[in-house]
Amino acid sequence: MTSDEIQFDAEERMEKAIGVFRDELRGLRTGRATPALVDNIRVEYYGSPTPLKQMAQISTPEPQQILIRPFDQSVLKDIEKTIRSSDLGISPTNDGKMIRLQIPPMSGDQRQKMVTRIKKSAEDAKVACRNIRRDGNKHYDQAEKAKEMTEDDRDKGKEEIQTLLKKFEDKITDMADKKSKEVLEQ
């Protein structure tokens with residue numbers, strides 16, 4: 001592998017790690033209703049787990065409420081059952097046509113737990129990026145051993161990967177800080 005290929009691969013994989021972290025943050029409860037809270041819910045539909053957003057229109061008519069209108073009314077009970085058994089901790093209200101989710105305000109203790117969870121997720125994302133750096137460094141070492149590049153090129157490449165890691169770690173920290181602030185200020 002050339003130096004550019006190793007850099008490109010590492011950057012691409014770090015972007016994916018940040019994407020996973022971003023999606024995880026999007027699904028966290030902050031005290032405000034957001035359709036992203038139910039994005040990862042999958043409902044058993046004709047024998048296969050189907051994402052809720054493919055089965056229903058999800059909206060937030062009020063800051064503390066999520067409205068779920070299924071395209072097919074026959075799955076209303078299944079959606080309700082799935083939401084009850086999910087880790088959201090919210091009881092759905094079924095009126096026969098749609099499901100309402102009232103988002104209760106978070107207590108100070110819940111907010112602190114959420115911030116702790118955000119920090120843990122951020123650290124997991126950073127660890128994933130560090131593992132990608134380790135893989136990139138391994139590729140540089142292998143390329144140098146195979147006489148595909150010089151020691152200087154290898155060292156320069158490792159420095160570039162370290163710079164890349166710093167950039168992505170800073171992005172992760174910024175995202176985590178922003179979400180923590182959002183959770184705490186409600």
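**Helix pair and pockets**

Modeller: In the second largest pocket, α5 gives the most to the lining, with four residues. This is a predicted model, so to speak: local features need pLDDT of at least 70, side-chain atom pairs count only at pLDDT 80 or more, and totals for chains, interfaces and linings use all residues. Residues are numbered from 1 along each chain, and side-chain values use heavy atoms, leaving out hydrogens and water.

Biologist: What makes a residue part of that lining?

Modeller: An atom within 4 Å of a pocket point. R22, L25, R26, M175, K178, K179 and E182 line the second largest pocket, and the elements giving two or more residues are α1 and α5 (151-185). Helices here are DSSP runs (H or I, at least four residues), numbered from the N terminus.

Biologist: How do the residues of that lining divide by class?

Modeller: Two nonpolar, no polar and five charged; Asp, Glu, Lys and Arg count as charged, Ala, Val, Leu, Ile, Met, Phe, Trp, Tyr, Cys and Pro as nonpolar, and the others, Gly among them, as polar.

Biologist: Why are α1 and α4 called roughly antiparallel?

Modeller: The axes of α1 (residues 3-26) and α4 (residues 108-145) come within 10 Å and cross at roughly 170°. Angles under 35 degrees count as roughly parallel, over 145 as roughly antiparallel, 65 to 115 as roughly perpendicular and the rest as oblique, so α1 and α4 are roughly antiparallel. Their contact (heavy atoms within 4.5 Å) includes F21 of α1 and Y140 of α4.

Notes: Axes fitted to C-alpha atoms, helices over the stretch in contact; angles between N-to-C directions. 1 Å grid on protein atoms, 1.4 Å probe; cavity = no way out; pocket = protein on both sides within 12 Å on 5 of 7 lines; lining within 4 Å.
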